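Biologist: Thanks for sitting down with me. Could we go through this model together, one question at a time?

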Amino acid sequence: MLNDLTQGAGAILRRGSLRAAIYDRLTRSLGKEPDTATPRDIYDALSMAVREELSARWLATQRRVARARVKRLCYLSVEFLPGRSLVNALSSLDSELIDEARAAVASMGHDFDAVIALEVDPGLGNGGLGRLAACFLDSLATLQYPATGYGIRYDYGIFTQSIDTNGAQRESASTWLRLHNVWETPRSDARYIVRFGGRVLVTHEVGGSQRSRWVETQDVLAVGFDQLVPGNRSPTVNHLRLWSARALQPFHIEDFNSGNYSEAVEDQVAAKNLSRVLYPDDSTPQGKELRFKQQYFFVSASIQDILATHLAEERTLEELPSALAVQMNDTHPTLAIPELMRLLVDQYDMRWAQAWDICRNVFGYTNHTLMPEALETWPVNFFERFLPRHLEIIYRINEEFLLEVEKRFKGDDAAKTMLSIIGESHGRRVRMSHLAVVGSHKVNGVAKLHSELMQKTIFSGFASMFPGRFTNVTNGITVRRWLKQSNPLLSRLLTERLGSAWENDLEEIERLRWAADDPGFRALFRDIKRTNKIALAEEVDRRTGIDVSVDSLFDVQVKRIHEYKRQLLNILYVITRYNRIKAKPDEHWVPRTVMFAGKAAPGYVMAKAIIRLINNVSTVINQDPVTLTRLKCVFLPDYDVSLAQTIMPAADLSQQISTAGMEASGTGNMKLALNGALTIGTLDGANIEIKDSVGEDNIFIFGMTADQASRRRADGYRPGELVKANPELAQTLEMIRGGAFSRTDNEYGQMLVNRLISDDEPFLVLADFEAYCAAQERVDALYRQPEEWSRRAVLNTVGMGPFSSDRSVREYAERIWSIRSVI
């Protein structure tokens with residue numbers, strides 16, 4: 001396979017040649033012999049050999065796309081969570097290369113697993129948004145679509161999470177770039193000036209026209225670094241271009257020689273802050289400003305690069321809509337719209353109407369949230385201070401849009417207020433989601449329910465004005481990362497029964513539905529699950545020192561910590577279950593290990609309190625001899641892609657328990673179900689479509705629907721009454737309030753309880769508590785029947801065909817981007 005794919009691509013690796021390639025890079029590039037090489041040397045040499053193969057394929061891809069002169073996709077996202085690169089690259093090139101690499105590394109006296117473990121996950125994202133973006137890049141390359149990802153090369157990325165002796169989250173800087181990153185290539189030809197501040201100078205041209213010039217700006221340099229993205233069993237290699245900020249004059253020798261050492265590097269420090277960390281804490285004015293400037297830095301560099309590439313192909317600016325599709329992954333890249341307008345009008349002297357028509361036909365916008373408070377807005381005074389020309393452009397876009405609103409809703413001032421890009425209710429602010437909708441030709445949600453609610457709630461007025469603009473593309477996951485690489489034993493079993501076609505066509509696994517009723521297949525499936533549980537138990541012990549039984553039900557909730565995701569509901573049940581076991585220790589309890597993982601935003605006080613509660617509850621439960629063999633609770637720190645790849649194959653139960661109507665889609669639900677976990681969840685996000693695909697008997701659905709939750713709030717939510725009516729719940733809350741799980745102060749516990757019993761608690765945690773407990777009893781009843789549990793687990797795996805990111809990308813390509821594969 002490898003030889004076939006690399007014909008004419010300047011191939012370096014061929015089967016049987018990997019050991020020689022490693023030795024060559026080790027001796028020629030690193031100056032080491034195998035007997036003196038460290039594991040890191042072996043990792044670098046192997047990675048260089050593989051990256052050179054990818055580079056040859058990337059060059060061939062670029063030549064092929066340039067000759068075809070087809071439409072390209074540019075995918076803008078402030079987050080990407082690609083995971084480790086080495087195994088992914090080996091697996092994508094040829095699955096047999098992993099075994100060959102293992103043997104080659106062993107022949108040099110090193111352990112392959114120890115070598116690949118040296119790679120640090122790139123800290124370029126925090127959750128589902130970044131992982132979705134990475135899955136899409138994988139699918140785009142696998143399906144041979146011409147595409148480039150654009151993001152920020154964060155020096156420290158998302159923070160490294162640790163847990164202190166009080167159970168609280170602590171943040172430290174990520175060290176993913178501490179050592180040389182073999183997988184990136186600095187691009188000397190991708191360097192652009194990004195401007196801030198200054199003022200707008202208006203000049204009058206001959207003929208009476210006006211021209212605006214943005215002058216007296218403070219400038220920084222954006223430098224591009226490329227990471228290659230290989231397709232699976234595909235000759236296509238695309239790239240992700242990440243921007244790093246630099247000062248135009250990084251060092252002032254005069255200041256240094258005068259003894260002003262800090263001032264000598266002041267410009268470089270200020271510039272590098274723009275690409276220092278993902279999501280600077282915006283609880284301070286300085287943090288808010290930095291996050292705003294960071295977003296503009298990212299889109300300005302990206303749009304300049306997109307235009308430079310387009311013009312270098314000798315295409316005209318008028319051809320942009322037929323040559324480029326630019327997709328904005330959430331609202332963070334929305335400043336790309338006024339930036340493209342600025343460049344077209346101010347730099348390339350294009351008429352406004354023509355530029356605006358081009359702009360709207362180039363951009364697409366993916367919405368990821370229904371919570372109004374999560375839709376970004378920026379103060380007008382930020383624009384006045386940092387982006388004055390962009391503010392003028394936004395004002396004009398809004399002025400022309402409001403004329404359209406007046407035509408559609410004649411005399412309705414309330415409609416203008418609701419739809420205006422400029423909000424007036426909490427100080428004058430630019431509503432970025434409104435700008436994204438107005439400036440895009442397509443707006444999509446990421447699950448059927450989410451897309452329906454999006455048009456009925458946050459964007460109802462826009463949907464009325466532009467009904468053809470809105471569509472749905474349900475999220476998906478890349479089966480290569482989340483099954484082929486994460487669960488090699490199950491992958492091997494599937495390939496034995498189906499061949500390897502399922503790797504690039506996940507719907508192939510539907511042909512194995514019969515296997516759920518085959519006792520022999522179920523036994524193999526159970527053995528694989530147990531082996532994966534052993535691996536996770538070892539990881540739990542390594543990270544936390546907690547010994548967990550692989551014979552227990554592995555119950556996992558792993559995702560960003562947020563109130564709407566309702567980790568609180570989960571831990572309330574854990575405490576209630578603990579109390580039940582303590583009260584009746586001789587009953588036949590299903591042993592259960594409940595695992596949490598995820599990070600809380602540094603400024604999100606409530607989320608950090610939830611982490612502290614989980615850890616402190618875990619300490620009490622795990623030290624109680626009465627419950628020791630019946631219940632364990634674990635918080636796994638520093639959740640990332642690599643940890644997820646250990647958790648997903650080992651999970652028995654997947655917790656997807658967000659408040660109905662609040663989760664846009666979710667992709668963790670897909671990864672876990674694909675690996676044979678049964679879901680306990682609400683009718684929210686993609687859970688609904690998963691239920692339809694795997695069968696409602698094979699998922700534990702509970703709680704309110706989105707409509708019922710909405711009515712509950714409208715009718716008046718009274719959680720205090722629920723507590724009075726449920727003695728178990730009252731006992732659980734009193735234990736938290738009273739300090740039963742506190743190592744020192746209990747202010748955090750009291751805060752959490754007060755939040756839960758407040759009439760304006762928006763996530764309705766206690767409203768679903770009783771139904772959640774009942775669903776958990778159904779889980780226990782089924783787990784006592786291992787054959788039936790295995791049957792349903794198999795049906796979950798084989799029912800996940802529709803949830804591939806390949807399917808998602810094909811739908812984007814057809815419905816939104818109008819791009820085609822280049823073979």
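Biologist: How many cavities of 30 Å³ or more does a search of the whole structure find?

Modeller: First, the ground rules: this is a predicted model, where local features need pLDDT of at least 70, side-chain atom pairs count only at pLDDT 80 or more, and totals for chains, interfaces and linings use all residues. Residues are numbered from 1 along each chain as its sequence is written, and side-chain values use heavy atoms, with hydrogens and water left out. A cavity is a set of points, on a 1 Å grid over the protein atoms alone, where a 1.4 Å probe fits but cannot get out; points are joined across faces, edges and corners, and the volume is the space filled by probe spheres set on them. The number of cavities of 30 Å³ or more found in the whole structure is eight.

Biologist: Which residues lie nearest the centre of the largest cavity?

Modeller: That cavity has a volume of about 270 Å³. Its lining (residues with an atom within 4 Å of a point) divides into 11 nonpolar, five polar and four charged residues, where Ala, Val, Leu, Ile, Met, Phe, Trp, Tyr, Cys and Pro count as nonpolar, Asp, Glu, Lys and Arg as charged, and the others, Gly among them, as polar. Of the 20 lining residues, those nearest the centre are P82, N88, L228, V229 and P230.

Biologist: What is the bridge partner of L73 in β2?

Modeller: Strand β1 (residues 72–76) runs parallel to β2 (residues 147–152), and four bridges join them. Within β2, the partner of L73 is A147.

Biologist: What angle does the direction of helix α34 make with that of β21?

Modeller: The open sheet of six strands has the order β19-β18-β17-β20-β21-β22, with parallel pairing. Helix α34 (residues 786–798) packs on this sheet, touching β17, β20, β21 and β22, with contact meaning heavy atoms within 4.5 Å. Axes are lines fitted to C-alpha atoms, for helices over the stretch in contact, and angles run from 0 to 180 degrees between N-to-C directions. For α34 and β21 the angle is about 85°.

Note on methods
Two strands pair if DSSP finds at least two bridges between them. Helices (H or I, at least four residues) and strands (E, at least two) are DSSP runs, numbered from the N terminus. On a 1 Å grid over the protein atoms alone, a cavity is a set of points where a 1.4 Å probe fits but cannot get out, and a pocket is an open set with protein on both sides within 12 Å along at least five of seven lines; lining residues have an atom within 4 Å of a point.
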